[in-house]
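My notes are below, as numbered points to read alongside the model.

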Amino acid sequence: MDELVIKKLDGYDKTVECMPDKSMSIRAVLFNAYATGKATVRNLLLSDDVLSAVECARRLGASVELDGNTAHITGAPFGSCALDCGNSGTTARLLIGLLSGLNGVFTLDGDESLRSRPMRRVTDPLKKMGAEIYDTDGRLPVKLVGAPLSGLDYDSPVASAQVKSALLLAGLNAAAPVTVREPWLSRDHTENMLKAMNAKVETNGVVAQIAPSLLYARDFIVPGDVSSAAFPICLALCAGGRCTVKNVGVNKTRTGILDLLIGCGARIRTENVRDGIEPCADIVVEPSTLAPFEISGAIVPRLVDEIPVLCALACFIDGTSVVKDARELRVKETDRIASTVAALSALGADITATDDGMIIRGGKPLKFGTVDSELDHRIAMTAAVAGAAGDGVRILRPDCASVSYPDFYGEVIGVD
């Protein structure tokens, strides 16, 4: 649809089943497609990004059969081909790492948005390992010509799970171990999943190391995505309501949003905690009075995808909230510092961009306005939360929400 109008909600009290985790869905597909054997992945997110990963796995030679949101995957040796990663930066960067040490010639491309995103943060360290990579001014399309890879000891300038994962995946076929150090610990789904699939992975704080390894297929149940859970959680807090989000992944590298919100007064608790390759729980939110917050330092990688909707929440909190050390937002699907400021400003928010974050002066009523999603799923959903808790919103190009949250508007907001 070209646009969607969301009216102001009269209270909020919902129980929702959390959308499956996009990051883990993509990893479960790609890793099992490369591994030896057969695996069943349940609760797969059937979003645009994950379906791009599925099609890439098929093009590479693996069998991926979908039965609802269950994938039956038979791995295969990857062969030369051209790949379309759609809008999925995770798919592109992980595959650049994984394919760089394999025999064959591979080209990776994506849509206009993905073509604008930087790839040299991955390709530069891979070239130090001996990878033969030809990019387009540091962006897609990228051509890989399989080459023998050496080991690597790398100090990453950014805390990025995609960078770390690409290098660890390259290390599966390197001649010696690959070690990655981050300034802060980013999400560790790759390390957890590779360990479960027989990879020789060791971790120690912000350091991850992998030795050359064979992967064996592993069944997996994808937990809910805390980045998706952030939207009903923040909407309930904005509207003074309550919600329960079921089956949310509560990996400690991803729960920065819960720690932040509880620290500023949110009445949030976890129930029905289940352990596994990735822990999972139900999250319950009660009406709360919040103090303003600051996001900076080591917590940033643990909630980087949730920062836009947290800025929407800050509009409803009396006082000044601050986001710092979040320059990584400028290289997402959009420049999310600029697009978050533009979206919330269109609704009357008092929000200012800085070089590495934002300043939000909250407690002022939001007004009805028009927000262009800029085809960024998190900006569209953030606008929906701010509008539903404020005085309504008209969202242009709203369908991009399906990248990570199919039927977001119906399940979370309650509109068709």
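1. Ile351 has Ile360 in S21 as its bridge partner. This belongs to an antiparallel pairing in which strand S20 (residues 350-354) and strand S21 (residues 357-362) are joined by five bridges. Two residues sit between S20 and S21, and the two strands form a hairpin. Please keep in mind throughout that this is a predicted model.

2. The largest pocket has a volume of about 670 Å³. It is lined by 39 residues, of which Ala159, Ser160, Val304, Glu328 and Lys332 are the closest to its centre. By residue class, the lining holds 18 charged, eleven nonpolar and ten polar residues. Helices H1 (22-34), H3 (89-99), H6 (161-171) and H12 (377-389) each contribute at least two residues to that lining.

3. On the aromatic side, the model has four aromatic pairs, counting ring centres within 6.5 Å. The Phe408 and Tyr409 pair is edge-to-face, because the ring centres are 5.2 Å apart and the planes lie at 75°. Phe408 and Tyr409 are both buried. Ring pairs also link these two with Phe231 and Tyr405 into a cluster.

Definitions and conventions. Residues numbered from 1 in each chain as written. Predicted model: local features only at pLDDT ≥ 70, side-chain atom pairs only at ≥ 80, totals over all residues. Heavy atoms only, no water. Phe/Tyr/Trp six-rings, centres within 6.5 Å; stacked < 30°, edge-to-face > 60°. Buried < 20%, exposed > 50% of the residue type's maximum accessible area, 1.4 Å probe, protein only. Pairing = 2+ DSSP bridges. Helix = DSSP H or I, 4+ residues; strand = E, 2+ residues; numbered from the N terminus. 1 Å grid on protein atoms, 1.4 Å probe; cavity = no way out; pocket = protein on both sides within 12 Å on 5 of 7 lines; lining within 4 Å. Points joined across faces, edges and corners; volume = space filled by probe spheres on them. Nonpolar A, V, L, I, M, F, W, Y, C, P; charged D, E, K, R; others polar.
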